[in-house]
Amino acid sequence: MTAVLPEPVRIARDTTTMRVLRPGMLTTVQDWPGRVGYWHVGVPPSGPMDDLSFRLGNRALGNPEGAAGLECTLGGPALVFDAATWVCVTGAPTPVTVNGQPVRQWRSVPVPAGGVLDVGAVRGPGMRCYILIAGGLDVPEYLGSRATFTLGKFGGATGRALAADDELAIGAPIGSVRAGVTGDDQPVLTRRWELAVTEGPHGAPEFFTRKDFDTILDTDYEVHFNSDRTGVRLVGPKPRWARPDGGEAGMHPSNIHDNAYSIGALDFTGDTPILLGPDGPSLGGFVCPVTVVAAERWKLGQLTPGDTVRFVPVRADRAASPRALGAHRRANWPIVLSGGGDGDDGVLARRDGADASVTYRRQGDDGVLIEYGDLTLDLELRARVHALHRALLDRGEPGVTELTPGVRSLQVRTDPDRLPTPKLLALLGEVENDLPAAEDLVVPSRTVRLPLSWDDPSTREAITRYMHGVRADAPWCPWNIEFIRRANGLATVDEVFDTVFAAEYLVLGLGDVYLGAPVATPTDPRHRLVTTKYNPARTWTPENAVGIGGAYLCIYGMEGPGGYQFVGRTTQVWNHRSSGYGEDPWLLRYFDRISWYPVSAQELTDLRADFAAGRGELQAEDGEFRLTDYRAFLAANAESIARFRAHQSEAFTAERNSWRDSGELAEAH
């Protein structure tokens with residue numbers, strides 16, 4: 001079978017260009033700070049994984065620090081330039097030549113017209129190098145950035161890594177070229193890394209035991225080979241956990257109700273720790289005990305399989321500024337100097353709200369996670385989150401960079417130099433005092449009809465891949481729908497079908513996982529099927545697969561890893577034909593109410609083709625969600641709901657006990 005090569009990118013002849021002779025292993029266009037402002041719909045910032053090396057190279061060439069350049073993983077490309085220019089190659093050590101003559105990294109180097117810049121294999125330590133060019137790369141912006149997000153198939157020139165014969169335009173130089181980057185400013189790369197972390201958002205003793213947390217800080221974790229820009233997987237001890245399970249969020253104690261993640265968070269997906277990277281998911285349902293501070297996240301881009309990683313707790317207010325590039329960044333130190341962390345378990349404050357308690361949790365030195373109420377699925381709590389979200393949007397506070405709602409939480413990301421955490425907490429307290437009472441909350445809510453190919457062949461293939469490549473003995477294998485039946489005490493798999501198609505799913509968040517993918521739950525508690533997530537997660541999930549995890553349903557926005565139990569597949573929820581200007585590419589909104597109609601696998605294939613060609617149309621009708629009406633519905637059906645939950649709880653407990661008996665779960669301590 002002949003491989004299909006990507007169509008090369010061509011540029012008009014009146015533009016200064018470079019052409020790709022050899023693309024390297026994985027070379028992408030990136031800019032800094034990337035695609036900021038779309039975390040709330042599942043679009044990661046992307047950008048250089050080692051922003052420090054990238055920005056230093058740009059500064060040496062007189063470029064703006066964020067000008068588009070190239071990130072090269074494990075090995076670089078060979079490039080030919082049609083006009084004389086200057087380049088600077090930074091990052092991990094690698095051989096560099098111009099027209100066959102060796103040149104130094106971290107130096108500004110002239111390349112003559114017709115000259116060839118050749119960047120070889122990374123020697124290490126580190127695994128990514130960067131090619132910056134005077135004037136920067138002039139490729140189209142998508143959602144405000146030139147950064148490539150290969151999983152989403154956008155950014156750069158084509159939404160993919162460079163290929164042979166691609167041509168990229170180069171912008172006009174605007175600044176003075178310096179000699180290069182001084183040795184004092186260059187970051188120290190090593191094979192034994194220390195990362196400065198803050199406590200939180202989810203630490204001990206609520207989620208991890210004290211011993212677990214001490215172990216996290218005392219362990220030299222090893223970087224796993226299955227790591228990439230979405231996250232760096234680590235190998236280390238398995239937690240004992242402080243809880244027996246995640247309740248409605250899932251059977252594993254790592255499961256929580258979906259909330260927004262932070263880049264640099266140590267995310268325990270089951271018992272597997274993963275450091276979330278710049279292409280990672282914005283929303284998910286796993287606990288994160290510590291978060292790498294913003295100024296140290298450049299190190300994630302240089303972590304190489306086999307390296308060791310140790311987490312060093314620091315006080316958030318003493319972390320280096322991510323804006324700094326010189327000595328104040330502390331990147332030329334091989335260790336993290338610290339007198340200890342904040343010692344507050346990541347909990348900044350607690351208070352009583354108008355209708356529910358409020359907990360403010362630290363997410364690195366540049367974020368706060370505001371949680372309402374107890375660890376339960378309660379749509380009233382999501383309504384409170386919506387009210388807070390709208391109030392902060394209306395306020396437009398300088399220094400707030402992102403607002404991302406979860407099921408019972410709102411993440412506030414900040415520029416810590418402009419809006420320190422104490423000032424942010426005071427602001428949040430003021431806003432909370434002015435929020436409306438719950439009974440006054442009314443939210444726009446469309447009714448949306450989507451097709452569902454039940455037990456679609458693509459999801460069966462994903463399960464087969466998982467069994468062959470990850471584990472074959474998982475309780476949810478070989479058929480996720482049978483596992484859902486068993487965990488919920490249903491008599492037949494037909495009852496799973498009937499429940500899913502009878503339900504109306506309320507969208508609580510977007511971006512779980514990626515690109516406008518909704519996390520939703522049935523408005524009627526009697527339709528809430530409860531499962532757990534894969535542990536470890538799948539390495540492949542088909543685009544727009546539909547799954548259930550905890551009490552939540554998710555439509556996967558694109559191919560990638562995942563953990564929800566499959567029930568089928570639907571049509572696209574992200575419009576790739578949209579330019580991102582004037583028309584939002586995400587199709588669903590918060591508080592949409594999704595219901596399903598059944599289609600065959602072939603019918604779905606046809607519908608997906610129509611949508612991809614621009615012929616698809618979302619079936620949606622405007623409406624509203626009134627909290628007072630919903631309270632009345634719950635009261636009228638309280639007895640029936642209680643009976644359903646009691647029966648479901650018995651089945652859930654039996655399944656959890658069988659896991660414990662088989663060694664699937666450790667005893668919580």
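Colleague: What makes the peptide bond from G200 to P201 a cis bond, and where does P201 lie?

Modeller: P201 lies in the loop between β12 (192-199) and α2 (210-218). The peptide bond leading from G200 into P201 has an omega near 10°, and it is cis. Keep in mind that this is a predicted model.

Colleague: Which other bond is cis, with omega near 0°?

Modeller: That is the peptide bond from G124 to P125. Here P125 belongs to the loop between β9 (116-119) and β10 (128-133).

Colleague: Let's turn to L74. Why is L74 called partly exposed?

Modeller: Its relative accessibility is 36%. Buried would need a value under 20%, and exposed a value over 50%. L74 falls in between, so it counts as partly exposed. You can find L74 in the loop between β3 (69-73) and β4 (78-81).

Colleague: What is the phi of L74, and what is the phi of D455?

Modeller: For L74, phi is near 70°, a positive value in a residue other than glycine. D455 has a phi near 50°, again positive in a residue that is not glycine. Look for D455 in the loop between β27 (447-454) and α5 (457-469).

Colleague: Now the inside of the protein. What makes a group of residues a nonpolar core?

Modeller: The residues must be buried, of nonpolar kinds such as Leu, Ile or Trp, and joined through side-chain atoms within 4.5 Å. The largest such core here has 95 residues, and I370, L392, L428 and W596 have the most contacts inside it. Helix α3 (residues 379-395) gives the largest share of this core, 7 residues.

Colleague: Which residues does L428 touch?

Modeller: Leaving out residues up to four places away in sequence, L428 touches Y360, V368, I370, L392 and V412. There is also a second, separate core of 66 residues, which includes M18, V87, V290 and V292.

Colleague: How do you know that helix α6 and helix α10 meet?

Modeller: Contact requires heavy atoms within 4.5 Å. F483, R486 and A487 in α6 meet Q648, A651, F652, E655 and W659 in α10. Helix α6 (residues 480-487) and helix α10 (residues 638-662) pack at an angle of about 115°, their axes being 8 Å apart.

Colleague: How many nonpolar, polar and charged residues are in the contact of α6 with α10?

Modeller: That contact has 5 nonpolar, 1 polar and 2 charged residues. Arg and Glu count as charged, so R486 and E655 belong to that class.

Note on methods:
Residues numbered from 1 in each chain as written. Predicted model: local features only at pLDDT ≥ 70, side-chain atom pairs only at ≥ 80, totals over all residues. Heavy atoms only, no water. Helix = DSSP H or I, 4+ residues; strand = E, 2+ residues; numbered from the N terminus. Buried < 20%, exposed > 50% of the residue type's maximum accessible area, 1.4 Å probe, protein only. Axes fitted to C-alpha atoms, helices over the stretch in contact; angles between N-to-C directions.
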